[in-house]
Amino acid sequence: MKGFLASTVAGMALGLSLAAMPAQAQDAAVPGEGTAQTNDHQRDPNAKQGGSIVITYKDDVATLDPAIGYDWQNWSMIKSLFDGLMDYEPGTTNLRPGLAESYEISDDGKTFTFKLRPGVTFHNGREMTATDVKYSLDRVTNPKTQSPGAGFFSMIEGYDAIASGEADSLSGVTVIDPQTIEFKLSRPDATFLHVMALNFASVVPQEAVEEYGADFGKNPVGTGAFKLADWTIGQSLTFARNETYWRNGLPYLDEITFQIGQEPIVALLRLQNGEVDIPGDGIPPAKFQEVMNDPAQKARVVEGGQLQTGYITMNTRMEPFDDKEVRQAVNMAINKDRIVQMINNRALPANQPLPPSMPGYDTAYEGYAYDPEKAKAMLAEAGFPDGFSTELYVMNTDPNPRIAQAIQQDLKQIGIDVSIQALAQANVIAAGGAEDQAPMIWSGGMAWIADFPDPSNFYGPILGCAGAIPGGWNWAWYCNEDMDKRAAEADSITDPAKQDERDRMWSTIYTDIMADAPWVPVFNEQRFTMKSERMGGADALYTDPVNIPINYDYVYVTDVQ
Amino acid sequence: MVVYIARRLVQAVLILLGVSVITFALLYMLPADPVRQIAGRSATAQTVENIRRELGLDQPFLVQYGRYLLGILHGDLGRSYLQRTEVSSLIAARLPASLLLMAGAIVCELILGLTMGLFAALKRGTATDQALMVGSFIGVSAPQFVVGLLLLYLFAVRLGWFPIGGYGTFAHLVLPSITLGILGAGWYSRMMRSSMVDVMRQDFIRTARAKGLARSTILFRHALPNAILPVIAMIGIDIGLFMSGIVVVESVFGWPGIGQLAWQAIQRVDIPIIMGVTLVSACAIVLGNLLADLVSPLIDPRIKLQ
């Protein structure tokens with residue numbers, strides 16, 4: 001749901017590494033025998049130590065509490081202040097151990113034992129132990145914490161008891177000794193290690209949480225590469241280098257200042273003036289052409305893919321979209337290339353729910369080709385030779401109403417009269433969550449961005465039965481119990497050696513869903529990050545798929561020393 | 001006088017109560033669900049319901065409003081749904097910036113408005129008068145969003161005289177103050193013009209002229225003080241105008257005031273913040289109007305407080 005606020009963001013650099021998703025962490029963790037080894041980072045030989053950078057954002061940073069923060073801006077800030085047991089190699093989607101030094105998976109895939117890295121200290125100086133890990137997970141799953149991410153931990157034994165208020169501790173999490181912690185899962189779950197890398201699984205010190213109470217989010221204490229030095233509400237946040245960070249030599253920067261309340265267009269002007277290093281909200285659409293046509297400015301733009309798909313939902317429980325043929329006809333009627341052109345080619349046309357940089361993406365799948373004639377014929381076959389009238393809900397910020405108009409024109413071609421309902425984001429979300437209100441929704445401005453780089457992340461809430469509930473996010477109200485069963489089966493494959501098999505299972509789940517056509521996948525947004533001239537580090541750090549917009553821990557500036 | 005103020009204060013409390021009921025009810029009736037904004041979409045149905053229950057949003061309207069009102073009576077505006085911080089501390093942190101911006105805007109609109117009005121009155125019927133009044137008309141009708149961006153582009157980007165948005169120094173204050181003040185300047189110039197024209201027709205001015213006083217003496221010693229007072233009395237009412245203006249101006253210039261806070265809260269259905277800012281604004285408007293009413297009889301003894 002970071003996608004919530006995502007207008008335009010994302011990481012092509014990861015394309016290649018993604019194919020090898022299991023990565024060495026999992027390779028080493030062959031059930032029962034393996035122990036994943038720490039992958040310490042290789043110091044960038046060109047990196048310089050020191051200096052400070054300025055990053056701008058338009059919206060306030062709501063909170064830096066890792067159990068609560070779920071915004072565009074605070075997601076990667078929290079990643080730099082806190083650590084979890086797992087982590088990703090910078091610039092990629094490859095899992096690696098974080099606060100864990102190594103881990104073991106039992107043969108049945110239901111017990112994970114993590115050995116913690118010794119000598120890691122919180123920003124308050126105290127050493128982090130297994131008790132802190134347990135406390136942090138008990139806290140995030142406790143309903144009193146009101147964490148939006150609580151549900152991610154549902155595979156841990158004892159989750160139901162804590163979520164219903166019967167217990168205040170997860171029975172499946174056991175501290176073996178100060179350096180060892182064991183997780184028992186109620187079902188084998190291939191996504192568990194990704195979940196341990198989510199911000200929600202960050203390790204927090206109990207004494208600091210209790211000292212600040214509800215204000216912990218304004219006074220964060222973690223083990224991360226940076227610590228919060230100053231927060232002037234509504235104006236700026238300053239992160240200072242954590243001198244005792246457990247990854248040697250990191251971070252490279254001494255200080256990061258986040259300036260808040262800056263319109264993207266103002267941020268771009270200030271970047272051109274040399275006052276800003278990274279405009280956190282990206283290049284404003286209105287200025288995109290101008291920037292890309294100017295070689296000097298274009299040289300400072302890093303382009304990458306992102307784990308995002310923009311789509312049109314068709315409510316499978318409302319007439320006439322309860323008819324599969326009608327939905328297929330709509331799929332053939334949308335000219336995706338034209339929509340991509342409308343947004344200045346800031347995206348690639350899509351034909352399936354998964355984005356290309358996600359494992360499980362089916363490169364051989366062709367989808368529904370653009371063919372208005374055939375669409376019209378199918379519509380006639382389905383009993384609508386003269387078309388019909390319907391409504392398309394859309395968020396009211398540019399470019400979404402324009403995209404809605406393009407969809408309207410495309411559907412007019414095959415006789416469907418679409419009236420556009422352009423509403424504020426929250427109202428579109430409300431309409432989608434009601435079973436009989438929105439026949440069609442264009443997801444722009446609310447499109448799905450993966451929480452973690454795993455194919456399962458595009459299913460449950462948006463295409464599974466669990467999301468087809470009042471207030472849910474499955475706006476197509478598509479609920480296919482057979483798919484649910486196959487999804488559960490795929491996720492029960494925890495053996496890393498069978499990763500490919502699992503990815504293939506997910507591939508066919510998504511292409512089989514496309515046969516039912518609850519969505520029109522329209523495009524996958526590309527991410528364009530702009531940086532000042534003095535910013536150094538590999539391009540992949542600026543389109544990091546996990547640390548968005550950039551990986552603060554690994555970037556550096558070239559004009560120090 | 002004391003009775004009058006007391007009565008007005010009682011009225012003010014009733015007005016605030018009314019504002020709070022209406023705003024709360026409107027927010028309650030919104031189709032948008034604040035819990036979904038907090039939970040995001042990966043949250044399970046159970047998580048959503050847990051959050052709803054923790055926030056008391058599963059309760060009927062009267063219970064929710066009653067709790068809110070009880071909080072206010074204890075000086076507690078509640079905690080932001082998304083930031084979890086106390087609303088009162090968020091507003092307190094941002095109010096000084098908004099007040100500073102309003103003060104800057106008042107200075108701008110007075111300087112601009114009064115000078116324009118004065119000149120227009122002196123050059124009544126000429127092309128200068130026409131030009132000034134057209135200018136003031138544009139000032140009144142131009143959207144602040146556009147004015148702000150134009151000023152930013154011209155004076156900050158092109159000419160580099162001022163910083164490009166932000167907060168901190170006097171230079172940061174100039175452009176947003178002008179943007180916010182231009183609307184009022186339009187009104188003031190028109191009021192000043194008619195007030196001045198009116199005064200210049202008065203007998204005492206004719207007497208002064210007949211005495212052979214210098215034109216500048218007549219203007220600055222006799223006419224101006226009389227013409228300016230009714231205009232000044234309007235400042236209190238401006239506050240209401242500013243309260244709507246700051247939402248836009250603060251967003252354009254990245255000014256960390258309560259307007260920006262309100263704007264962001266509205267986008268995310270953060271009800272406690274919306275309520276808090278609305279009530280603070282309503283207080284400011286009520287007080288501003290009261291102030292305007294109290295100042296009027298001091299300026300013009302013919303006005304009596306009833």
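How far apart do the end C-alpha atoms of residues 167–188 of chain B lie, and what share of the span is helix? The distance is 27 Å, and the span is 86% helix and 0% strand.

## Basis of the model

This is a predicted model, in which local features need pLDDT of at least 70 and side-chain atom pairs count only at pLDDT 80 or more, while totals for chains, interfaces and linings use all residues. Residues are numbered from 1 along each chain as its sequence is written, chains are lettered from A and ligands numbered from 1 in the order in which they are written, and side-chain values use heavy atoms, with hydrogens and water left out.

## Annotated spans of chain B

An unreviewed UniProt entry lists residues 95–296 of chain B as "domain: ABC transmembrane type-1". UniProt positions follow the numbering used here, with feature names shortened, and annotations may be inferred rather than shown by experiment. Residues 95–296 of chain B are 84% helix and 0% strand, with 27 Å between the end C-alpha atoms. Helices (H or I, at least four residues) and strands (E, at least two) are DSSP runs, numbered from the N terminus.

The unreviewed entry also gives "transmembrane region" for several stretches of chain B, including 99–122 and 167–188. Residues 99–122 of chain B are 100% helix and 0% strand, and their end C-alpha atoms are 34 Å apart.

## Interface of chains A and B

Contact (heavy atoms within 4.5 Å) involves 41 residues from chain B and 53 residues from chain A. The two chains bury about 4000 Å² between them, 52% of it on carbon and sulfur atoms; buried area is the accessible area (1.4 Å probe) lost when two parts are put together, summed over both. On the chain B side, Arg36(B), Arg41(B) and Arg84(B) lose the most area to chain A, together 23% of what that side buries.

The interface holds 4 salt bridges, each a side-chain nitrogen of Lys or Arg within 4 Å of a carboxyl oxygen of Asp or Glu. In one salt bridge, the side chain of Arg268(B) meets that of Asp71(A) at 3.4 Å, N to O. Helices of chain B that each supply at least two residues to the side touching chain A include H3 (45–55) and H5 (87–122). H3(B) gives the largest share of that side, 7 residues.

## Disulfide

The count over all chains is 1 disulfide, defined as a pair of cysteine sulfur atoms within 2.5 Å. Cys465(A) and Cys479(A) form a disulfide with their sulfur atoms 2.0 Å apart. The link of Cys465(A) and Cys479(A) is right-handed, with 95° about the S-S bond.
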